Amino acid sequence: MITTNIEFNFKGSNTSYLTHSLHPYPAKFPPQLPQSLLKQFAGVGQTVLDPFCGSGTTLLEARLQGINAIGVDVNGLSILLSKVKSTPLTQEKQIIIKQFITQLEKDNSGWKNIRPQITTKNIEGLSHWFQLNVAEELTYILQEITKIEDNEIKDFLKIVFSSIIVKVSNQDSDTRFAAVNKNILDDFTFKIFISKAVEYLKRVVELSNKIDTKTELTLFNADSRNLSFITDNSIDIIITSPPYANTYDYYLYHKFRKRWLDLDVKFAQYNEIGSRRQFSSLKHDSQKWTDDLILCFKEMHRVLKINHPAFIIIGDSVIKQKIIKIDEVIKEFVSNIGFEVKDIISSDLSNHSRIFNPTFAKKGKKEHLIILTKKND
Ligand SMILES: C[S@@+](CC[C@H](N)C(=O)[O-])C[C@H]1O[C@@H](n2cnc3c(N)ncnc32)[C@H](O)[C@@H]1O
């Protein structure tokens, strides 16, 4: 049964326990949200789907509760991050990471001798977005990571590497794509990589004692408008948060991370739904946003088991200067798809711990928890 008494204001809660704080990612769930929904509406051995898994918050909470998790995201970095955040490492692998960190500290001390041998990685826009000293240190660290054979260790170190890219680049911040002069000194890139590696390893060690390794984690770097790789009626519960239209460009803010890691940029750029790139240009009207959501909801409906629930967290947006009350839009189309609306809980965005843009709430926009079940017909 779906009760209407669901809390989704976690202001003041610790949202960064275990590996939840690994790597920046915009508009993450407070982990308490999927945690509480999974506790109430899913059981051990069942399967949760998050078709916009982002940093993998739902997936990690599922594994902690013995629930199998399927994550889909158009952003390749999101898939790598979700994997690392939810993957325990054996003691042997933890030791190899510690040795890697120690060796890097030595290399940092002997950098004067290593530096002349470095040819910086050739990535598009390098000289505009990175100082030469930073690019050299990044190139060296990445070369050392690439030499590691074990994929779990390599992926962990790639996430550490990716997490520092915006900070050491000329990109102003994770949510502002403008070049600024940060005057980053020699050594800083090594030092920040090492300190993040130590911090993240501590968190993964803590996680490794808690995760239920019998659960399955399956990830797809794909567009959720087409989930053909997931069987009909196979999912017990969906917990997800699609983008809030015209608010972010996930592909853009992560562009240099992906270029350094040789992850595909274009796939996310052309298939991300609701991006600022699409809707700030006034090229598209809100119908395009509705059409994309309909495709996603049809797929969520197809893969969900009958009478099972889907929890969607989504925010209002402004498209062509008009406020889009997304709860009303969704209410209108979901029953034709075969969902029953069980409840919609709306809240002013300023009440939320995941608030990322203070001007967002001022415009009268709300965030909604939309609770649906798949009808039996
Ligand atoms: C609000 S974020 C999800 C954050 C997530 N709940 C978390 O806790 O990290 C929305 C995600 O949707 C992804 N996305 C956008 N368009 C997509 C599409 N067509 N298919 C799959 N994922 C998409 C973005 O890359 C982004 O990671």
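Visitor: Let's begin with the ligand. How does the shell around the ligand divide by class?
Guide: The shell has 10 nonpolar, eight polar and five charged residues. Ala, Val, Leu, Ile, Met, Phe, Trp, Tyr, Cys and Pro count as nonpolar, Asp, Glu, Lys and Arg as charged, and the others, Gly among them, as polar. This is a predicted model: local features need pLDDT of at least 70, side-chain atom pairs count only at pLDDT 80 or more, and totals for chains, interfaces and linings use all residues. Numbering starts from 1 along each chain as its sequence is written.

Visitor: Which residues are the closest to the ligand?
Guide: Phe52, Gly54, Ser55, Thr57 and Ser224 are the closest of the 23 residues that surround the ligand. To be near a molecule, a residue needs its C-beta atom, placed from the backbone, within 6 Å of that molecule.

Visitor: New topic. Is Gln171 buried or exposed?
Guide: Gln171 counts as buried because 22 C-beta neighbours lie inside 10 Å. Buried takes 20 or more other C-beta atoms within 10 Å of the residue's own, with C-beta atoms placed from the backbone.

Visitor: What is Gln171 in contact with, leaving aside its neighbours within four places in sequence?
Guide: Trp129, Val166, Phe177, Ala179 and Phe256. Contact means C-beta atoms, placed from the backbone, within 7 Å.

Visitor: Now helices. At what angle do α7 and α9 cross?
Guide: Roughly 40°, and the axes of α7 (residues 132-147) and α9 (residues 188-208) come within 8 Å. Axes are lines fitted to C-alpha atoms, for helices over the stretch in contact, and angles run from 0 to 180 degrees between N-to-C directions. Helices are DSSP runs (H or I, at least four residues), strands likewise (E, at least two), numbered from the N terminus.

Visitor: Which residues make that contact?
Guide: Val134, Glu137, Leu138 and Ile141 of α7 meet Thr189, Phe190 and Phe193 of α9. By class, they divide into five nonpolar, one polar and one charged.

Visitor: And the sheet? In what order do the seven strands come?
Guide: The order is β5-β2-β1-β6-β7-β11-β10, in an open sheet with mixed pairing. Two strands pair if DSSP finds at least two bridges between them.

Visitor: Which strands stand at the edges?
Guide: β5 (217-221) and β10 (339-348) do. Each has a single partner strand, so one side of each is left without a neighbour in the sheet.

Visitor: How do β7 and β11 pair?
Guide: In the antiparallel sense, over seven bridges. Ile314 stands opposite His368 in β11.

Terms used
Buried ≥ 20, exposed ≤ 12 C-beta atoms within 10 Å, placed from the backbone. Contact = placed C-beta atoms within 7 Å.
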